[in-house]
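Student: I'd like a close look at one residue and the strands around it. Could you walk me through that part in one go?

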Amino acid sequence: MRHYGLGQWSDYVRGEAGDDEAELSRHLEAGCESCQRVVTSLREVASGASGERPPISAPASAETIKGIALYKEPVERQVMDLVWDSARAPWLLGEGSHDPGRQLHYANSEFVLNARVEGGAGTNASTLSGRLQSLFQVGVHDLEVRLVSERAVLDSGATGTLGEFELPLSEADPVELQIALTDARELIVTLGEE
Ligand SMILES: [Zn+2]
């Protein structure tokens, strides 16, 4: 499921989401608990600020703001290392061979991720495809995969039966790829490193 960022929910609560309003409402009606928590916290702050309720005291207000910043459950982030990048070894592709796209291999002590970026920079047809494998035969199907920027989740999907996934790279500046192993643990692949 695609989620929305704090900036979008902030606009929504202030009635400034414009054309996105219906889509955001549907997301809440679909029962997304993490986004609903953000909206509830933002509404508390908004109603305090507009004076509809007795002003909340300064410490309580600071607590509420802190609550928004930390609305996600604490998650253990396990960063994967880039172990091979075809852009650093273009000669291995062979002269005149079909360009299969940029291939990137990541690993940590438990998992290997083979990823591929197809479509050139500047085109809007790029995709990031990948396959996650466990070194210990742990199941890697049906895991949520997210492409995240500084502000928002750009796109998300789930791994297939063999740990494979594919996400469009049409939106700007993804910062990292997150693969949720459990609610409390995720694999992180930092993108955009040259
Ligand atoms: Zn959501």
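Tutor: Let's start with Tyr-106, which is buried because 23 other C-beta atoms lie within 10 Å, and the cut-off for that label is 20 or more. Keep in mind that this is a predicted model.

Where does Tyr-106 sit? It belongs to strand S3. Leaving out residues up to four places away in sequence, Tyr-106 touches Met-80, Asp-81, Leu-82, Val-83, Leu-113, Ala-115 and Val-189. Take Asp-81 from that list: 25 residues separate it from Tyr-106 in sequence, yet the C-alpha to C-alpha distance is 5.2 Å.

Now for the strands themselves. One of the pairs is Arg-102 with Val-117 in S4. Zooming out, S3 and S4 are part of an open, antiparallel sheet of 5 strands in the order S2-S3-S4-S5-S8. S2 (81-85) and S8 (164-168) are the edge strands, each pairing on one side only. From one strand to the next, the twist averages 20°.

Back to Leu-113, one of the residues Tyr-106 touches. Along with Ile-179, Leu-113 has the most contacts inside the largest nonpolar core, a set of 21 residues. Strands giving two or more residues to this core include S3, S4, S5 (127-134) and S6 (144-148), and also S8, S9 and S10. As a general point, nonpolar side chains tend to be buried together in soluble globular proteins.

What does Ile-179 contact? Setting aside neighbours within four places in sequence, the list is Leu-132, Leu-143, Val-145, Glu-186 and Leu-187.

That brings us to S9 and S10. S9 (residues 176-182) and S10 run antiparallel, joined by 6 bridges, and a hairpin of 2 residues links the two strands. Thr-182 has Arg-185 in S10 as its bridge partner. Arg-185 also stands opposite Glu-76. S1 (residues 76-79) is joined to S10 (residues 185-190) by 4 bridges, and here the two strands run parallel. Val-189, another residue touched by Tyr-106, falls within the S10 range, residues 185-190.

Conventions. Residues numbered from 1 in each chain as written. Predicted model: local features only at pLDDT ≥ 70, side-chain atom pairs only at ≥ 80, totals over all residues. Pairing = 2+ DSSP bridges. Axes fitted to C-alpha atoms, helices over the stretch in contact; angles between N-to-C directions. Core = buried A, V, L, I, M, F, W, Y, C linked by C-beta atoms within 7 Å. Buried ≥ 20, exposed ≤ 12 C-beta atoms within 10 Å, placed from the backbone. Contact = placed C-beta atoms within 7 Å.
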